[in-house]
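Biologist: I am new to this one, and I would like to get to know it with you. Could you put it on the screen?

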Amino acid sequence: MTDTEADVLKKKKKKVKKAAASDDAMDVDAAAGAADAAPTPEKSAKKSKKKKDAAAAEVDDGVAEAAADAEQTAGDAAARPAVDYETRLLSVSPIAQPLASKKLTKKVYKVVKKAAKARTLKRGVKEVSKGLRKGAKGMVILAGDISPLDVISHLPVLCEDSDVPYVYVPSKEDLGRSASTKRPTSVIMVVRGGARRPAAGKKKAAVDGDGAEDAAEFEAMYAELEAELAPLNAKLIATV
């Protein structure tokens, strides 16, 4: 081997060593960078806390927004004017007869409220129809603004066959509200003589006293309303 070839070989070896050293240095730098990038327990805890705080803040904002919406809705409902009797009549079907007058409608709702408190109500077409067919006695209140009226048009016939007085009121919303339900109600039946059952145990005496007073008041209101409905039904049957 000549001196020239030996020099060339030495140079090649030096280049290989330099390249190897450079690769090792790059691997070390990469490992160090990876170590720096890897989250430490402290960093992980801080990130987790930040996420929880952000989630809690979001929930608080949502709750506050919902509360504000509910308050706004309640305010709108309170500010909404009550619909009067004459306006309700505009939605009443012409065949909804006998229709209670404005004064009689108020009496009907009062009796219905008392009956709801005493738990002597049947609500809805299915329940009222079943009660009439089984011979239940009372009075039937129908909403005159039900559309189509066909869904309750068979009930007056059942009432007449069972000798049960009935009357129409102008609003299904008001009827449902008086019957202690949140939904509009097409028909309810006030059952006669259905006083609240007395409670058993220590509260029995107190409930019996209150129940007797409520039952007496309910019976008086019921009898008064029944007396006013009788001529309306008699007039209607005579006309037909």
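Modeller: Here are some questions and answers about the chain, from its overall layout to single residues. This is a predicted model, where local features need pLDDT of at least 70, side-chain atom pairs count only at pLDDT 80 or more, and totals for chains, interfaces and linings use all residues. Residues are numbered from 1 along each chain as its sequence is written, and side-chain values use heavy atoms, with hydrogens and water left out.

Biologist: Which pattern does the protein chain follow along the sequence?

Modeller: Let us start with the elements: helices (H or I, at least four residues) and strands (E, at least two) are DSSP runs, numbered from the N terminus. The protein chain has 8 helices and 4 strands. Read along the sequence, their pattern is α-α-α-α-β-α-β-α-β-α-β-α.

Biologist: What share of the residues of the protein chain counts as buried?

Modeller: Buried means under 20% relative accessible area, exposed over 50%, and partly exposed in between (1.4 Å probe, protein chains only). Among the 240 residues of the protein chain, the buried share is 28%.

Biologist: How much of the contacts with a separation of 6 or more comes from residues 24 or more positions apart?

Modeller: A contact here means heavy atoms within 4.5 Å. For the protein chain, the share from residues 24 or more positions apart is 80%.

Biologist: With which residues is glutamate 226 in contact, leaving aside neighbours within four places in sequence?

Modeller: Glutamate 226 sits in helix H8, residues 204-239. Its relative accessible area is 27%, so it counts as partly exposed. Its C-alpha atom is separated by 9.8 Å from that of valine 108, 118 residues away along the chain. Leaving aside neighbours within four places in sequence, its contacts are Met139 and Arg192.

Biologist: Is serine 162 buried or exposed?

Modeller: Serine 162 is found in the loop between H6 and strand S3 (166-169). Beyond its neighbours within four places in sequence, serine 162 is in contact with Leu132 and Lys137. Its relative accessible area is 18%, so serine 162 is buried.

Biologist: What is the relative accessible area of arginine 119?

Modeller: Arginine 119 lies in the loop between H4 and strand S1 (121-123). Although it is not a glycine, arginine 119 has a positive phi of about 60°. Most residues other than glycine have a negative phi. Arginine 119 is exposed because its relative accessible area is 67%.

Biologist: And what is the phi of serine 180?

Modeller: You will find serine 180 in the loop between helix H7 (172-178) and strand S4 (187-191). Serine 180 is exposed, since its relative accessible area is 58%. Serine 180 is not a glycine, yet its phi is positive, at about 65°.

Biologist: Which residue does a cis peptide bond join to proline 98?

Modeller: Proline 98 belongs to the loop between helix H3 (85-89) and H4. Most peptide bonds are trans. Here the bond is cis, with omega of about 0°, and the residue joined to proline 98 is glutamine 97.

Biologist: What is omega for the cis peptide bond of serine 147 and proline 148?

Modeller: Proline 148 is placed in the loop between strand S2 (138-143) and helix H6 (155-161). The cis peptide bond joins serine 147 to proline 148, and omega is about -5°.
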